[in-house]
Amino acid sequence: MKDYIIKNTAIVNEGTITHGDVWIRNSRIEKVGGSLNPAVNAVEIDGSQQYLLPGVIDDQVHFREPGLTHKATIYTEAKAAVAGGVTSFMEMPNTSPPAFTQELLEQKYETGRNTSLANYSFFMGTSNNNLDEVLRTNEKKNEICGIKIFMGSSTGNLLVDNPLILEKVFEGSEVLIATHCEEESIIKENLAALKAKKGILEPSDHPIIRNEDACFESSFRAIQYAKKYNTRLHILHITTAKELQLFGNMLPLKDKRITSEVCVHHLHFTSDDYARLGNQIKCNPAIKAPHNRQALWEALLDDRLDVIATDHAPHTWAEKQEDYEHAHAGLPLIQHSLGLMLHYVKEGKISIEKVVEKMSHAVAQCFQIKERGFIREGYFADLVLVDMHQSNTIQKDNILYKCGWSPLEGMTLPATINYTFVNGHPVYGKGVFDESKRGMRLSFER
């Protein structure tokens with residue numbers, strides 16, 4: 001494997017920006033320093049006037065394989081990910097069949113090993129009927145990112161609504177539990193009331209049906225379970241100002257037992273955008289009124305919200321063109337998540353150091369990922385070289401998702417990803433992919 005030296009770059013790591021070189025050797029970061037000139041035959045990459053970031057770790061994606069491969073595959077979406085600076089992902093269990101057994105879960109890992117250009121991990125899925133299989137995840141606590149519970153229905157309808165099962169999973173799990181929190185009874189009540197009132201529904205009704213109360217009640221219930229059993233709980237895609245009272249910033253992240261996530265589309269869109277984008281931004285939980293977005297930003301910046309993710313959830317264009325009630329919920333984002341956050345860096349909304357903290361460092365800490373998420377000597381060389389002086393516009397011909405569309409189409413991002421290294425391998429450089437190596441299975445220190 002070749003050695004690489006990234007020269008004269010701005011290294012963004014652990015809250016600071018330093019200038020110097022980074023030497024990559026045998027898949028890892030060999031040396032971080034000033035001017036490095038090791039006595040080896042290394043490929044030099046000019047990093048001047050650019051930022052070197054640790055690769056983004058996305059803790060919530062839906063890559064649709066197996067069974068839903070008309071929408072996406074692990075190969076296609078991981079390729080889009082590395083083009084956008086995402087070097088590792090954690091994928092959800094609502095495929096077909098769902099990952100409800102350890103055997104089915106391992107089949108997904110095998111697909112990742114054979115096809116993924118990024119590093120990968122897969123969540124074990126929970127149903128009302130697979131408790132024993134779920135708790136077998138404890139035996140693999142250093143090999144699997146966590147257990148996923150849908151405490152609200154979404155694509156795949158993996159709703160877990162049996163209180164006894166929920167109690168036993170929270171009581172018995174030794175690994176992180178990630179939850180999708182929406183109260184199904186409130187959603188059904190809101191849907192029935194709105195249909196009775198107006199008959200034909202439209203995309204702008206989505207945040208009324210899946211409202212703030214549905215999110216709050218479910219998140220509150222998950223936290224009650226977690227506190228009762230001291231379970232390690234991570235609540236996904238927080239969308240409401242009301243929920244933020246459930247989270248604190250008094251403890252350092254490493255000491256938190258309950259953590260939370262915000263997704264890029266909830267930081268970017270509001271309910272005002274349904275008029276323009278309609279079902280393109282229909283997702284669960286819903287994009288809501290503008291005051292929620294403002295509250296999410298405040299909570300992200302003061303560390304009540306711990307990580308930024310995408311909930312990348314591609315559907316075909318045809319599936320999004322159906323009437324509101326039948327249009328599939330979810331949107332593709334992983335190729336543009338880092339670029340979108342760098343847009344807000346350019347606008348002065350957030351610092352680049354904070355973006356790195358929330359998209360790399362904090363995810364590694366939250367999930368206890370081994371030797372990733374930081375630019376540290378001895379760590380795997382998952383790195384992204386970003387040019388903040390070179391903008392790029394999201395267009396049909398440069399969208400890499402298998403579904404071929406993006407709700408961000410037409411937006412000009414202020415930065416370009418010039419290189420993405422995965423385990424020391426330049427999988428993406430200057431618009432060209434080197435697919436000669438695959439990503440690795442993530443390991444955890446628990």
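## Cis peptide bonds

Pro66 sits in the loop that runs between β6 and α1 (74–83). In this predicted model, the peptide bond joining Glu65 and Pro66 is cis, with omega about 10 degrees.

Another cis peptide bond joins Asn284 and Pro285, where omega is about -5 degrees. Pro285 also belongs to a loop, the one between α9 (274–277) and α10 (290–301).

## Positive phi angles

Gln49 is not a glycine, yet has a positive phi of about 65 degrees. Gln49 is placed in the loop between β4 (42–46) and β5 (51–54). With a relative accessibility of 62%, Gln49 counts as exposed, because the cut-off for that class is over 50%.

Glu371, likewise a residue other than glycine, has a positive phi near 60 degrees. The loop between α13 (352–367) and β15 (383–387) holds Glu371. The relative accessible area of Glu371 is 25%, and the residue is partly exposed.

## Overall dimensions and content

The chain contains 13 helices and 20 strands. Its C-alpha atoms fill a box of roughly 75 × 45 × 45 Å along the principal axes.

Of the 446 residues, 61% count as buried. Among contacts between residues at least 6 apart in sequence, 75% join residues at least 24 apart.

## The sheet β6-β7-β8

An open sheet is formed by 3 strands in the order β6-β7-β8, with parallel pairing. The edges are β6 (56–61) and β8 (119–122); each has a single partner strand, so one side of each is left without a neighbour in the sheet. From one strand to the next the twist averages 20 degrees.

The parallel pairing of β6 with β7 (residues 86–91) extends over 4 bridges. Within this pair, Val56 has Val86 of β7 as its bridge partner.

## Thr87 in β7

Thr87 is part of strand β7. Its relative accessibility is 0%, so Thr87 counts as buried. Leaving aside neighbours within four places in sequence, the residues in contact with Thr87 include Gly55, Val56, Ala118 and Asn119. Further contacts of Thr87 include Asp382, Leu383 and Val384, as well as Thr420, Phe421 and Val422.

Thr87 and Val427 are 340 residues apart along the chain, and their C-alpha atoms are separated by 9.6 Å.

Strand β11 (residues 177–181) has 5 of its 5 residues buried, so it is largely enclosed by the rest of the structure. Both faces are covered: one side carries Ile177, Thr179 and Cys181, the other Ala178 and His180, and all of these are buried.

Strand β10 (residues 147–151) runs parallel to β11 and is joined to it by 5 bridges. One of the residue pairs here is Phe150 with His180, its bridge partner in β11. β11 also pairs in the parallel sense with strand β12 (residues 233–235), over 3 bridges. Thr179 has Ile235 as its bridge partner in β12.

In soluble globular proteins, nonpolar side chains tend to be buried together. The largest nonpolar core here has 92 residues, and those with the most contacts inside it are Phe89, Ile149, Leu233, Leu338, Met341 and Val386. A second, separate core has 20 residues, including Ala178, Leu236, Val307 and Phe374.

Not counting residues up to four places away in sequence, Leu233 touches Phe170, Ile177 and Thr179, together with Ala222, Ile223 and Ala226. Arg257, Ile258 and Thr259 are also among the residues that Leu233 touches.

## Thr259 in β13

Thr259 lies in strand β13 (residues 258–263). Thr259 counts as buried, at 0% relative accessibility. Its side chain makes a polar contact with the side chain of His234, at 2.8 Å.

With neighbours within four places in sequence left aside, Thr259 is in contact with Arg232, Leu233, His234 and Ile235, and with Phe247, Leu253, Asp306 and Cys366. Leu233, one of these contacts, is also one of the residues with the most contacts inside the largest nonpolar core.

Key
Residues numbered from 1 in each chain as written. Predicted model: local features only at pLDDT ≥ 70, side-chain atom pairs only at ≥ 80, totals over all residues. Heavy atoms only, no water. Core = buried A, V, L, I, M, F, W, Y, C linked by side-chain atoms within 4.5 Å. Buried < 20%, exposed > 50% of the residue type's maximum accessible area, 1.4 Å probe, protein only. Contact = heavy atoms within 4.5 Å. Helix = DSSP H or I, 4+ residues; strand = E, 2+ residues; numbered from the N terminus. Polar contact = N/O pair within 3.5 Å; in protein donor to acceptor, adjacent residues only side chain to side chain. Pairing = 2+ DSSP bridges. Axes fitted to C-alpha atoms, helices over the stretch in contact; angles between N-to-C directions.
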